[in-house]
Amino acid sequence: NEIIEKNSAYKSGQRDGAKFHISDSGGCYRARIYKRLGIEPTRKIEIAGLRKMVAGDFFHTGLQQLLRRHGKLFLSETTVESEHLLGHPDAVIQHEKEKILAEFKTIEKFQMGYIRKTGAKEPHKLQMFTYWLLLRKELKDLDHAVLSYIKREDFETHDFYFTWSDEIHEQVKAEWTPLVKYWEEKTLPDCSCQILYD
C-alpha cells in the first residue's frame, strides 16, 4: 500500500497543470478549471482505486510492448497538445498500409457486460476524438480509430470502430470550446458533477 501511494504522489507531482488534460474529457467543467488552477481535490482516492490505476498502467505498457514486438506499433504515449490541451494517446497501430488510432480501456468482468449492452462511454469517446483531432494535424491519413475495452482477467476485448468525420470534429469543438472560454474569461462554470454521475 505504501508503494502504491508513493507512486500516486509521484505521478501527481509529474503532471503538467499548465493545460487542460484530455484524459478529463466529459468531466465537470468546474472541476477541470480547479485542476488547471492547481487546487487539490478534497476527495481522496482509496487504496483499492489506486491499485486498479496501477494495474491499468502495467496493462497498457504490456500491451504496447506486445504490439511493438510484432511490428504493429507506429507510436505510443506521444504528447499531443494545443494552446489549452495536453494529452498522451495510447497508440497508433500500423496495420499493413493503414494507421489506426487505438485507445485502450481496461475494465473488470462486470463492466464488460455493461459496455456490451450500452455501448462505449461518452467521456472515453470524447477523449479519443480529441487525441484524434490533434494527431491528424501531422498524420493526415489517420482516418480510422478503435476504442478498445479490454477485460483485465483474460484480455477479452470489445471494440468500437470509428471513421473520421466532420461530426467527430464538431463533437470535439463542443466539448472544449465552452471550457476554454470560461478559462480565458476567468469565470467559474457551474458544478456539473451531480449530473455526470446520476
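A salt bridge here is a side-chain nitrogen of Lys or Arg within 4 Å of a carboxyl oxygen of Asp or Glu. The structure is a predicted model, and a search of the whole of it finds 13 salt bridges.

**Salt bridge between lysine 19 and glutamate 81**
- The side chains of lysine 19 and glutamate 81 form a salt bridge, with an N to O distance of 2.8 Å.
- Lysine 19 sits in the loop between α1 (2-14) and β1 (20-21), while glutamate 81 belongs to strand β3 (residues 80-81), so the pair ties together parts that are 62 residues apart in sequence.
- Lysine 19 has a relative accessible area of 18% and is buried, because the limit for that class is under 20%.

- Glutamate 156 and lysine 151 meet through their side chains in a salt bridge of 2.7 Å, N to O.
- Lysine 151 is buried, at a relative accessible area of 8%, whereas glutamate 156 is partly exposed, at 27%.
- Both residues belong to a network of salt bridges that links Arg116, Lys151, Asp154 and Glu156.

**Salt bridge between lysine 181 and glutamate 185**
- A salt bridge joins the side chains of lysine 181 and glutamate 185, at 3.0 Å from N to O.
- Lysine 181 counts as partly exposed, with 47% relative accessibility.
- Glutamate 185 also counts as partly exposed, with 46% relative accessibility.

**Positive phi at residues other than glycine**
- Glutamate 96 is not a glycine, yet its phi is positive, at about 55°.
- The position of glutamate 96 is in the loop between β5 (91-95) and β6 (98-107).
- Glutamate 96 has a relative accessible area of 66% and is exposed, because that class begins over 50%.
- Phenylalanine 155 likewise has a positive phi, of about 65°, although it is not a glycine.
- The loop between β7 (144-151) and β8 (157-163) holds phenylalanine 155.
- Phenylalanine 155 is partly exposed, with a relative accessible area of 43%.

Technical notes
Residues numbered from 1 in each chain as written. Predicted model: local features only at pLDDT ≥ 70, side-chain atom pairs only at ≥ 80, totals over all residues. Heavy atoms only, no water. Helix = DSSP H or I, 4+ residues; strand = E, 2+ residues; numbered from the N terminus. Buried < 20%, exposed > 50% of the residue type's maximum accessible area, 1.4 Å probe, protein only.
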